[in-house]
Amino acid sequence: YRQHHPPLSTTLYQQQPTSFFSTTTSLSLSSSNKKTALVLGVANNRSLAWSCALSLLSKNYNVVVTYQNDRFASRVQDLITHYNNHHTTPEEKKGKAYSYECDIRSDASVQNLCQSLPSLLSGGRNEKQKSKFKLNALVHSVAHAPTSAMKGGSFLDTTLDDYISTHDVSSYSLLRVARYALPYLSAQYHHTTERSTASSSSSSSSITALTYLGSTKVVPNYNIMGSAKSSLENIAHTLAYELSSSPHSVRVNCVSAGPISTLASRGIVNLGDMKKDVKERSMLRRNITGEEVGNVVAFLAGEESGGVTGQTIFVDGGYGVMGGPSSVLLN
């Protein structure tokens with residue numbers, strides 16, 4: 001796969017931040033109480049990543065959202081501009097949103113993103129401010145599989161190239177970004193009083209990955225994404241084991257969302273039938289919303305969930321635990 005898709009040049013990602021990061025709009029975290037979050041994978045306003053970003057923004061986080069390439073740049077930047085123009089007054093006490101390009105397949109791109117965070121979110125005024133920078137929350141909402149692997153018919157026919165490509169983007173990318181973001185997430189590297197209390201919930205940071213029921217159940221037409229999500233969850237649980245305790249104090253969890261119409265989910269054959277089945281058979285007898293998923297992600301990012309790590313939280317209306325047909329459900 002790497003022979004056909006070589007890593008992108010490091011110099012490609014040395015671009016200056018967009019106008020949203022200019023010194024006229026950057027924030028100095030030393031003069032505010034806002035926390036910081038990085039949300040990966042926004043494509044448009046229907047992306048679950050955007051729903052997560054909105055929930056974190058409403059909790060007074062300053063949030064950087066990433067998009068893949070120029071194809072999504074103007075669309076995402078329009079979202080950022082609209083949000084900041086309508087929701088960042090002092091009276092609302094909400095965070096400010098920023099955007100940044102990142103190809104999650106490229107180590108150079110991810111490394112450049114993470115190394116830029118202190119300048120982007122701390123105002124970039126001096127090295128002292130940058131050294132105190134802490135990333136409070138990281139949200140992984142990235143998934144992709146080649147069309148040939150999702151709409152090509154039998155799972156049995158999955159090619160090695162499609163398998164590697166899907167897992168690179170949808171699961172290994174969590175490991176990649178966690179590695180480069182750890183210096184900003186971990187309590188070990190912060191030269192503050194938090195270092196001595198790394199085991200407390202108030203000092204812990206969080207990583208949250210979005211997954212789906214197809215990681216553990218057979219979902220027709222979910223094909224290669226099922227194994228990719230299974231891999232993603234295992235990576236998250238193992239990272240939780242390695243990072244949750246001192247000295248890092250980084251909690252890692254997954255949120256398993258019910259089917260929602262997004263740009264990514266359009267690659268699933270018969271998505272409409274999946275949503276219909278959820279509406280008929282789930283305990284809530286309806287489909288869930290992106291806002292509901294985002295709210296759970298924001299909860300896992302905050303101090304209220306300080307004792308939660310290594311878990312997969314389902315936001316699917318109770319669909320995942322049902323075993324009987326809808327005809328026997330109580331009205």
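## Burial and overall make-up

Of the 331 residues in the chain, 50% count as buried. The model described here is a predicted one. Its accessible surface amounts to about 15600 Å², and carbon and sulfur atoms account for 51% of that area.

The chain contains nine helices and seven strands. When contacts between residues at least 6 apart in sequence are considered, 77% of them join residues at least 24 apart.

## Helix α1 against helix α9

Helix α1 covers residues 48-58 and helix α9 covers residues 290-301; the two pack at an angle of about 55°, and their axes lie 7 Å apart. Because of this angle, α1 is oblique to α9. The crossing in which α1 passes α9 is right-handed.

On the α1 side, the contact is formed by Leu48, Ser51, Cys52, Ser55 and Leu56. On the α9 side, it is formed by Gly290, Glu291, Val293, Gly294, Asn295, Val297, Ala298 and Ala301. Sorted by class, the residues of the contact between α1 and α9 comprise seven nonpolar, five polar and one charged.

## Helix α1 against helix α2

Helix α1 also packs with helix α2, which spans residues 70-87; here the angle is about 20° and the axes are 13 Å apart. The two helices, α1 and α2, are therefore roughly parallel to each other, since angles under 35 degrees are classed in that way. In this pair, too, α1 makes a right-handed crossing as it passes α2.

Trp50, Leu54 and Leu57 of α1 meet Leu79, Ile80 and Tyr83 of α2 in this contact. By class, the contact of α1 with α2 consists of six nonpolar residues, with no polar and no charged ones.

Ser206 belongs to strand β5, which runs over residues 205-211. Its relative accessibility is 1%, so Ser206 counts as buried; the cut-off for that class is under 20% relative accessible area.

Leaving aside residues up to four places away in sequence, Ser206 touches Asn136, Ala137, Leu138, Leu185, Val250, Arg251, Leu300 and Ala301. One of these neighbours, Ala301, is also among the residues of α9 that take part in the contact with α1.

Key
Residues numbered from 1 in each chain as written. Predicted model: local features only at pLDDT ≥ 70, side-chain atom pairs only at ≥ 80, totals over all residues. Heavy atoms only, no water. Axes fitted to C-alpha atoms, helices over the stretch in contact; angles between N-to-C directions. Helix = DSSP H or I, 4+ residues; strand = E, 2+ residues; numbered from the N terminus. Parallel < 35°, antiparallel > 145°, perpendicular 65-115°, else oblique. Left-handed = near helix turned anticlockwise from the far one by under 90°. Contact = heavy atoms within 4.5 Å. Nonpolar A, V, L, I, M, F, W, Y, C, P; charged D, E, K, R; others polar. Buried < 20%, exposed > 50% of the residue type's maximum accessible area, 1.4 Å probe, protein only. Areas by Shrake-Rupley, 256 points an atom, 1.4 Å probe, with all protein chains shown as cover.
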